[in-house]
Amino acid sequence: MGGEPGTFEPGEIIEFLTETALKAKLYENLKKYELPDYLLYMGAEGANNWLALDASRTFPVARNLKTLLEAKRSALITYLPSNMNLLSVGVGSGEKERLLLEELVRKNSIDSRILGRKKLLHYYPLDLNRRFVELALEKVQDLPLLKKGFVGLVETLPTLKKHLHPPLLYCILGNTFCNYEPTFILKLLRENLEPEDLFLFDAHILSSSSSSFSSSETAKVCRAEERFLLEAYTSKENAFFNTSPLLRQGLESKAFDFELGLVFVESEFTGRLYKTKKKLHILKETQLQIGAKTLVFKKGAVIRMGFTYKYTFDQLQIILKIQGFEILKTFQGNFDSRSGTNLLVLAKKKI
Ligand SMILES: C[S@@+](CC[C@H](N)C(=O)[O-])C[C@H]1O[C@@H](n2cnc3c(N)ncnc32)[C@H](O)[C@@H]1O
């Protein structure tokens, strides 16, 4: 414990990933004309860009999920055991985790007093960006927790396991779950969760799917939600966030077009799934300098970028069930016919 009242150990950080390794990944991906979403968050600029986007008026997606968590956290905490530790994957600034940890610490301290035990909870923020891990640890400086941060990709989870103390609440917050292929992320979690562990994620969802255009009312809601998504995802702020890693490597703003659309993909289990699709069209020959390496893109080249799934609640339920998860509790935000709604899901692995 720290020396001054109300301050505690800052926590150590273990690095499984360096800036140099991320730069090498940027080069390798761009060579294949790909820019996956995780590379948007690299470096000091990546961290600042995300924080600016999250705070911007035109991109309320992750911010509204915080409001939902704020409103539901005391109800949520009743579903968690008082000795539950917390691991957050893609922690970002860690402000949502702070909300949960305040509640968990309170519950743990009450139960510890009743049971006459002394147990500090563990907190493990994980992010590919060291700045975010530092920020997340700073955010809980005043809370009595055993803190250990990890700099690494989500794929590092199996390697981390030897550092972790169950029971764990695995959190993936800020709509990040929707940036992964569900089969990939749920398989990874299934392979790592212990029977007593739980999984919490949030998502901005659609109220109805366009595949069920059963009434003109449904169709109207779908069109309004589509408009909201297009406005948020094509906003100037989001376009800057998406292209900034290339602008930093020397791409001129007049040398490309950023295209964002909403497409349907067919899924065997859920029917039509809504997904954002992003591309960069190179308009004139461009040379990028990535560390010591140079890449040349010819006019007409197309760089494929990351995506976000836009699920309906029914689709999420089907996906979780098929991937071996049982939903324990969901919390939904107020339905807004313009912008869809927000959902918080607490689940466990089916044994
Ligand atoms: C959409 S932001 C959400 C941040 C935060 N959880 C929130 O709710 O505001 C995604 C976060 O995940 C991190 N991230 C993205 N892809 C990752 C990956 N493959 N492995 C580890 N972290 C990742 C980013 O650096 C960023 O902090």
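View 1. The centres of domain 1 and domain 2, taken over C-alpha atoms, are separated by 24 Å. Domain 1 covers 12-208 + 311-349 and domain 2 covers 211-310, with bounds that come from an automatic or database domain assignment. Please keep in mind that this is a predicted model, in which local features need pLDDT of at least 70, side-chain atom pairs count only at pLDDT 80 or more, and totals for chains, interfaces and linings use all residues. Residues are numbered from 1 along each chain as its sequence is written.

**View 2. Where domain 1 touches domain 2.** Domain 1 brings 35 residues to the contact, and domain 2 brings 34 residues; two residues are in contact if their C-beta atoms, placed from the backbone, lie within 7 Å. On the side of domain 1 that touches domain 2, at least two residues come from each of α1 (19-31), β2 (34-35), α2 (43-55) and α10. Helices (H or I, at least four residues) and strands (E, at least two) are DSSP runs, numbered from the N terminus. With five residues, α1 gives the most to this side of domain 1. By class, the residues of this side are 19 nonpolar, 10 polar and six charged. Here Ala, Val, Leu, Ile, Met, Phe, Trp, Tyr, Cys and Pro count as nonpolar, Asp, Glu, Lys and Arg as charged, and the others, Gly among them, as polar.

**View 3. The residues around the ligand.** Look for Y38, Y41, G90, G92 and G174, which come nearest of the 19 residues around the ligand. A residue is near a molecule if its C-beta atom, placed from the backbone, lies within 6 Å of it. This shell has 10 nonpolar, six polar and three charged residues.

View 4. In α7 (residues 182-192), the buried residues are P182, I185, L186 and L189. They share the same side of α7, because they cover an arc of only 90° around the axis, the arc being that of the directions from the helix axis to the C-beta atoms. T183, F184 and E191 are exposed on the other side of α7. A residue is buried if 20 or more other C-beta atoms lie within 10 Å of its own, exposed if 12 or fewer, and partly exposed in between, with C-beta atoms placed from the backbone. The cover over the buried residues of α7 includes β6 (168-172), β7 (198-205), α10 (313-322) and β14 (325-332).

**View 5. Strand β5 and its partners.** Six of the seven residues of β5 (residues 145-151) are buried. Strand β1 (residues 12-15) pairs with β5 in the parallel sense over four bridges; two strands pair if DSSP finds at least two bridges between them.

**View 6. The hairpin of β10 and β11.** Five bridges pair β10 (residues 286-290) with β11 (residues 293-297) in the antiparallel sense. L288 has L295 in β11 as its bridge partner. Two residues lie between the strands of this hairpin, and G291 in the turn has a positive phi of about 60°.

**View 7. The surroundings of L76.** L76 sits in helix α3 (residues 61-77). This residue is partly exposed, because 19 other C-beta atoms lie within 10 Å. Not counting residues up to four places away in sequence, L76 touches F331, L344 and L346. L344 is 268 residues from L76 in sequence, yet 9.3 Å away in space, C-alpha to C-alpha.
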